[in-house]
Amino acid sequence: MALLTLSSPHTHGPNRTSRIMLTVALATLPGLAVMTWFFGFGSLINTVLAIITALASEALVLKLRKYPVSFFLKDNTALVTGLLLGLALPPLAPWWITVLATSFAIIFAKQIYGGMGNNPFNPAMVGYALVLISFPVQMTTNWVTSFQVSGSDVAGFTDALSIIFAGASSTADAFTGATPLDQYKYLISKETSDELLQRNTFNGWLNGGWEWVNLAFLAGGLFLMVRRIITWHIPVSMLAALGICSLILGWDEDLYTPLSLHLLSGATMLGAFFIATDPVSASTTPTGKLIYGAGIGILLYVIRTWGAYPDAVAFAVLLMNFAAPFIDAYTQPRSYGHSKPKRGLKPGEKS
Amino acid sequence: MTHLIQLHEFDGGIHPPENKRQSNSRPIRKASLPSELVLPLHQHIGAPANPVVAVGDTVLKGQVIAEPEGFVSAPLHAPTSGKISAIEARQVPHASGLSETCIVIEPDGEDTWIEHQGLCDALGLDHCDDIPVDKLLERIRDCGIAGMGGAGFPTAVKLHTGKHKIDTLILNGAECEPYITADDMLMREHASEVIRGAQILLQILGAERCLIGVEDNKPEAIAALDDALVQHNEEHHIDVVTIPTKYPSGGEKQLIQILTGKEVPSGGIPASLGIVCQNVGTAAAIADAVDFGRPLISRITTVTGDAVRDKGNWEVLLGTPVSHLLSLSGYRPAKRERVVMGGPMMGFALPTTELPVVKTTNCLLAPTEKELPTNNPAMACIRCGLCAEACPADLLPQQLYWFSKAQEFDKAEQHNLFDCIECGACSYVCPSEIPLVQYYRFSKGAIREERAAAEKAEQARIRYEARIDRQEREKAEKEAKRKARAEAAAKAQSVKKEAPAAKAVPAAEPAANADLEKLQKQLAAAQAAVAKTKEKLEAAREDPEKADKIPAFESALAKTQDKIKTLAKDIAAAKKAAKSAPAAAGPDKGDPNSPERLQKKWETAAARLETARKRLADAEVDGADTVDALRAGVEKQEARVAEAKSAYEASLNSDASLKTAVSNNAGTDNTSAETVAAKPDAEQLQKKLLAQKDRVEKAKERLEMARAEGLDSVEALEKALNKQLDKLAAFEAQASTTGEV
Ligand code: SF4
Ligand code: SF4
């Protein structure tokens with residue numbers, strides 16, 4: 001009688017990668033909903049487009065690599081990559097930007113490196129950086145002023161569709177523009193903080209819409225933390241580093257972007273809870289995560305303040321991706337029975 | 001409880017469903033006698049026992065049937081009365097699926113005990129409290145007590161703590177693995193024996209206190225122990241400590257951390273902290289042995305899982321076939337049938353149910369597919385870090401996994417791979433269902449092999465240097481001899497003599513054959529030794545507690561393997577010699593007694609002498625026991641060379657035209673013959689080496705493919721790759737030695 005002989009353990013807990021990814025996707029929904037409420041259907045359309053592109057590119061490459069397509073598509077990682085890109089791109093970015101960024105992310109940033117788990121860089125951010133560098137105009141002007149603020153009623157689904165797919169720029173010009181971070185950065189030299197905040201983009205405290213978007217992503221992130229899908233280390237250290245830089249270096253609102261704007265505009269919360277925490281490309285040791293998150297926070301502040309780009313989540317994350325393996329090697333925890341933790345990768349003396 | 005014990009928490013750990021209720025709701029039952037009992041000689045860590053009975057003997061229950069072999073070993077007793085029906089190799093319950101010598105007993109159904117009595121009576125003491133410690137240890141050893149929780153380390157050996165002063169005895173009643181309730185039921189029903197065992201152990205160790213750690217999911221067991229404490233009036237020395245339920249709190253290292261806050265140093269033993277840890281079942285067995293003279297012949301085993309109808313605990317005689325116990329429990333084979341010996345986290349799946357229950361069999365788990373689904377194909381690691389959070393040893397399992405996968409073993413080692421206790425917590429939580437533990441086992445095995453190879457290389461270096469020295473010496477000697485020879489030839493020129501040259505050669509054949517036989521015998525012995533050592537090593541690997549023994553086994557293994565290689569080479573050479581001898585003696589083209597032919601014969605004989613000397617030197621360096629045989633061989637060969645030489649010289653002298661010129665060249669010819677002989681060998685080896693490398697590459701590719709696709713064949717392919725790597729290493733070692741000639 002031949003019995004089944006498998007290696008121990010013979011039991012498995014309830015965790016599943018596909019489910020984790022699905023939960024991550026679900027946790028972004030509040031953010032997406034708020035975005036749609038304030039800025040129209042652009043984000044939703046782009047997100048769906050990005051997801052379709054991501055899944056199609058993934059399927060294509062898997063097929064070319066002769067891997068079981070449906071088995072790997074089911075892990076939902078391509079879904080999450082597409083989703084995050086869709087959320088990060090400007091709401092009214094033309095369709096080809098979305099398609100280009102997403103397919104590049106999947107094919108070059110992920111599959112070329114050997115597929116899921118092997119990519120050293122966050123694929124979504126590689127795709128984002130590519131289009132940001134290649135098409136700076138489209139990437140910086142297709143942001144939307146809140147319809148709730150402008151009172152414009154062209155927020156319709158068909159309008160968004162025609163702008164994204166047909167490039168109907170005449171209708172678009174009415175309500176597209178730069179992001180709050182962008183505006184503040186370039187106008188603060190001409191206007192005082194108070195004047196600036198009266199503009200449509202800001203419309204005073206908590207009225208621009210983007211604060212709510214960030215708060216919605218924060219809520220989604222906290223949900224992931226409660227579900228133990230992400231740990232607190234990266235978001236907390238990243239936001240803390242960003243906050244401290246802003247308080248120390250940019251305390252004067254009439255000269256620098258204020259803390260509130262740093263934390264609650266741009267892709268800050270999306271970055272902190274959904275992008276920087278992408279486990280594949282991030283640091284994995286507890287101490288390493290703290291360093292990694294703080295590094296992103298500092299870089300984010302530096303690029304936002306002194307760099308050429310208004311937002312910098314993509315660049316900050318990619319730069320820290322470079323450092324992650326190194327950080328990991330030098331932040332190993334102390335193992336049971338050892339007096340001190342090991343450092344680096346070289347087989348050293350016993351500790 | 002009289003003392004307040006400060007509990008400490010260990011990092012990581014998991015809470016798998018306990019599944020203990022199924023089997024702990026009814027009392028322990030006594031399993032019926034099976035039609036035969038199969039007792040492996042090797043149920044413990046250390047050397048297998050040595051049978052002292054013969055087939056056909058009748059034995060009584062409790063009679064010694066095998067004696068321990070060496071210090072780290074344990075005897076074996078007949079679990080019931082009956083007849084020895086066989087002593088033969090049978091498959092034993094071990095992850096390697098190996099066969100081992102077992103004593104098979106056919107019970108007579110009488111179950112008649114051999115005469116036995118408590119140690120106190122046996123010694124005729126008035127006060128049973130002051131039995132000398134050495135007598136206690138002797139009794140524990142004689143009764144075959146071995147650790148009943150882990151891999152079965154002989155208890156008496158573990159109690160020899162050498163220079164370490166022990167202050168704390170820890171009894172492990174945590175039983176943290178899901179499903180298993182054997183210790184739970186033992187503590188409930190035999191609490192008094194457990195406490196008595198603790199008393200004896202305290203006396204032996206001279207320790208002040210004993211902590212019995214029990215997880216809080218066993219309130220009945222805790223109550224029973226507390227009662228027994230009062231009965232024995234031992235509340236002052238012994239504490240029953242309730243610890244939180246968390247897997248793997250029953251791991252020796254984790255339990256020590258929970259109870260004392262101390263960590264066993266990496267690579268060290270608990271005794272260095274003044275702690276000795278024993279399983280509660282072992283303590284009860286010790287009490288039985290000391291107070292009643294009952295050897296370890298039965299144990300309590302949980303039979304559970306949805307594929308058995310009648311779940312519960314059995315008191316079962318060692319050697320009872322698993323199939324017997326399963327059928328007593330109403331086993332219904334399920335789809336994708338599995339029977340796990342041990343628990344679901346660390347147990348191993350049996351290849352067949354025709355295997356005996358052994359000293360360490362605490363559980364038989366027969367789950368259905370629905371109950372414990374077999375893993376889905378593994379997905380890629382998403383580096384989520386859940387494994388690191390679960391690891392009780394504070395390792396970085398995902399890094400270890402990446403390093404193992406990339407075969408970057410030095411990095412894996414640097415990340416403390418060897419502190420992994422193979423508890424399986426990481427695999428349990430891994431969302432990608434990666435069989436992480438399997439990877440760690442693979443890496444550990446590979447690293448151990450690498451270490452053995454490094455040691456071998458070092459030995460080869462030493463041998464090489466010795467050889468160079470020797471060659472220098474021999475060169476000088478040869479030169480001196482050549483001169484002497486030239487002079488002798490000149491003198492003897494006038495004397496003409498015919499020598500019986502052909503005679504020398506046929507004599508070589510029987511001699512070579514005898515050599516060959518001897519060598520082959522030695523080879524067989526060495527191979528058997530390797531098999532045994534490997535099994536031991538496997539056993540040690542299975543048990544994290546015994547990890548410290550592994551290096552010793554490994555080096556023993558490497559040494560024997562080395563010996564095998566030398567022997568194999570010797571045999572090949574001997575075979576060649578045996579073959580070439582008759583060929584040389586056979587009819588030849590041309591005159592067999594022509595100076596050329598005789599010269600060649602002389603040269604071959606001299607070359608052979610060279611090889612024989614070398615082998616002898618190697619053997620001497622290694623301290624191999626072939627030295628004597630080889631030395632005899634060298635002497636014989638020397639005689640042959642002398643004969644061939646005189647034959648040649650005689651023929652030479654008869655042929656005046658050749659004269660001294662040839663004999664002057666003889667020395668140089670000799671060496672060139674040697675190099676020519678070595679060359680084709682080396683070339684062939686090189687070819688083989690390349691081919692082998694190719695094969696290794698292919699095996700690696702196949703393995704990678706299988707892994708990427710999450711195929712079931714990964715394990716098999718890994719094994720295959722390991723074998724190919726082994727072969728490669730062997731060739732390389734051979735090539736390096738040949739290259740040096
Ligand atoms: S739990 Fe599994 S998927 Fe997550 S990091 Fe560990 S090995 Fe990778
Ligand atoms: S099996 Fe090893 S690596 Fe995995 S959790 Fe246990 S000790 Fe840690």
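**Surface charge, peptide geometry and cysteines**

Trainee: Which helix of chain B gives the largest share of the negative patch?

Mentor: The patch of negative charge on the surface gathers Glu67(B), Asp134(B), Glu138(B) and Asp142(B); patches join like charges within 9 Å, or nonpolar side chains (Val, Leu, Ile, Met, Phe, Trp, Tyr) within 5 Å, among residues with over 30% relative accessible area and no salt bridge. The model is predicted: local features need pLDDT of at least 70 and side-chain atom pairs 80 or more, while totals for chains, interfaces and linings use all residues. Residues are numbered from 1 along each chain as written, chains are lettered from A and ligands numbered from 1 in written order, and side-chain values use heavy atoms, without hydrogens or water. Three residues, the largest share of the patch, come from residues 133-142 of chain B, helix H3.

Trainee: Is Glu67(B) buried, partly exposed or exposed?

Mentor: Glu67(B) belongs to the negative patch and lies in strand S5 (residues 64-67) of chain B; strands (E, at least two residues) and helices (H or I, at least four) are DSSP runs numbered from the N terminus. Buried means under 20% relative accessible area, exposed over 50%, and partly exposed in between (1.4 Å probe, protein chains only). With a relative accessible area of 39%, Glu67(B) is partly exposed.

Trainee: What is the relative accessibility of Asn76(A)?

Mentor: Asn76(A) is not a glycine, although its phi is positive, about 65 degrees. This residue lies in the loop between helix H4 (69-73) and helix H5 (77-88) of chain A. Asn76(A) counts as buried because its relative accessibility is 15%.

Trainee: What is the value of phi at Asn19(B)?

Mentor: Asn19(B) is found in the segment before helix H1 (21-24) of chain B. With a relative accessible area of 26%, Asn19(B) is partly exposed. Its phi is positive, in a residue other than glycine, and near 55 degrees.

Trainee: How far from Cys176(B) is the nearest cysteine sulfur?

Mentor: The whole structure holds zero disulfides over all chains, a disulfide being a pair of cysteine sulfur atoms within 2.5 Å. Cys176(B) is in no disulfide, and its nearest cysteine sulfur, that of Cys423(B), lies at a distance of 9.0 Å.

Key:
Areas by Shrake-Rupley, 256 points an atom, 1.4 Å probe, with all protein chains shown as cover. Salt bridge = Lys/Arg side-chain N within 4 Å of Asp/Glu carboxyl O. Lys, Arg positive; Asp, Glu negative; His and termini not counted. Charge placed at Lys NZ, Arg CZ, Asp CG, Glu CD.
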